[in-house]
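Hello,

Here is the structure for your files. My notes on its side chains follow below.

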Amino acid sequence: MAIHELQNNPQLKGQIQLLDNITYAAADGEPQKMAILLPWATTTAIKTAKRPLIVFVQGSSWRLPRLGRQIPQLVDFARAGYIVATVQHRNALDGHHFPAFLMDVKTAIRYLRANADKYDIDPQRVALWGTSSGANASLLAGLTPDDPRYRTDDYVNESDRVNAVVSCFGPTDVADTFDFTGKKPGSDILQYCLFGLDKQQWQQKKAAMSPVKQVQPGKEYPPFLLLHGDADKTVPYHEMEEMYHALEDNGASVEAYRVHGANHEADFWSPAVYDVIREFLNGIEKPNVK
């Protein structure tokens with residue numbers, strides 16, 4: 001029987017590793033974690049080119065995100081040439097009101113820029129991708145670059161500006177979202193945790209947490225990709241259309257996809273959805289980030 005031969009892989013091409021349990025900040029004394037998918041070669045003596053970064057925020061109803069939930073799918077983006085960091089943020093149910101989760105996501109972006117050389121990241125090509133509440137955070141971060149209201153004292157010399165945002169079934173009008181889900185168990189508890197005990201302040205805080213209400217004329221925004229299932233029973237589909245029109249009417253670059261028959265999360269995902277996201281991210285140019 002003949003012995004077949006294969007060539008070795010000295011550049012470790014296509015080999016991906018997972019760096020988990022990385023602490024990027026310690027807001028309120030609580031360590032905030034991330035996990036990073038990157039080429040094996042990055043942590044060896046092999047020199048690799050700088051790669052674009054995807055910062056992924058998993059939906060969690062603004063609770064503590066599970067870092068590993070989407071990693072099996074995100075590996076494909078790492079193999080396609082991206083560094084992929086999936087990040088946690090503070091848990092609203094632990095008493096961390098808005099904007100704690102948004103501040104954490106922005107801090108994670110600055111951490112990754114500060115450590116760009118360590119992880120072979122191109123700091124000029126940073127995309128933010130979120131699902132559900134993570135999409136809400138991603139939209140808000142994209143619309144409020146380097147906003148001092150949402151800035152911590154971590155990595156102060158770095159920018160939290162991004163050059164692309166992908167939102168999958170994200171709440172864009174928070175008051176509308178809670179009205180839609182108001183009869184579900186835990187809705188009132190979550191609102192108290194996010195907006196505080198004084199209900200007279202809720203309307204103002206919900207508006208500040210609603211991406212559709214943050215779009216302003218004359219501002220420069222990154223390109224946005226919005227995807228939403230038209231059978232979503234958690235975040236109503238019309239919120240995506242309203243966000244699309246708000247961005248388009250104010251001159252922002254935006255693409256939107258309606259996923260026919262899809263509910264929230266599970267049956268939303270398909271190879272076609274991932275292809276659309278990959279094509280969008282591949283077309284993003286470098287921003288002017290200082």
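**Rings, charges and cysteines**

Phe 169 is buried, at a relative accessible area of 0%. Buried here means under 20% relative accessible area, with a 1.4 Å probe and protein chains only. Phe 268 is also buried, at 1%.

Before the rest, the ground rules. This is a predicted model, where local features need pLDDT of at least 70, side-chain atom pairs count only at pLDDT 80 or more, and totals for chains, interfaces and linings use all residues. Residues are numbered from 1 along each chain as its sequence is written, and side-chain values use heavy atoms, without hydrogens and water.

Aromatic pairs come to 17. The rule takes rings of Phe, Tyr and Trp (its six-membered ring) with centres within 6.5 Å; planes under 30 degrees apart are stacked, over 60 edge-to-face, the rest tilted. Phe 169 and Phe 268 make an edge-to-face pair, with centres 4.8 Å apart and planes at 80 degrees.

One aromatic cluster holds Trp 62, Phe 98, Phe 101, Tyr 150, Phe 178, Tyr 192, Phe 195 and Trp 202.

Two arginines sit over rings. The test: NZ of Lys or CZ of Arg within 6 Å of the ring centre and within 35 degrees of the ring normal.
- Arg 258 has its charged end over Tyr 237, 4.9 Å from the ring centre.
- Arg 278 lies over the face of Phe 77, 4.7 Å from the ring centre.

Disulfides (cysteine sulfur atoms within 2.5 Å) number zero. Cys 168 is buried at 0% relative accessible area. Cys 193 is buried too, at 14%.

Best regards

Technical notes
Buried means under 20% relative accessible area, exposed over 50%, partly exposed in between (1.4 Å probe, protein chains only).
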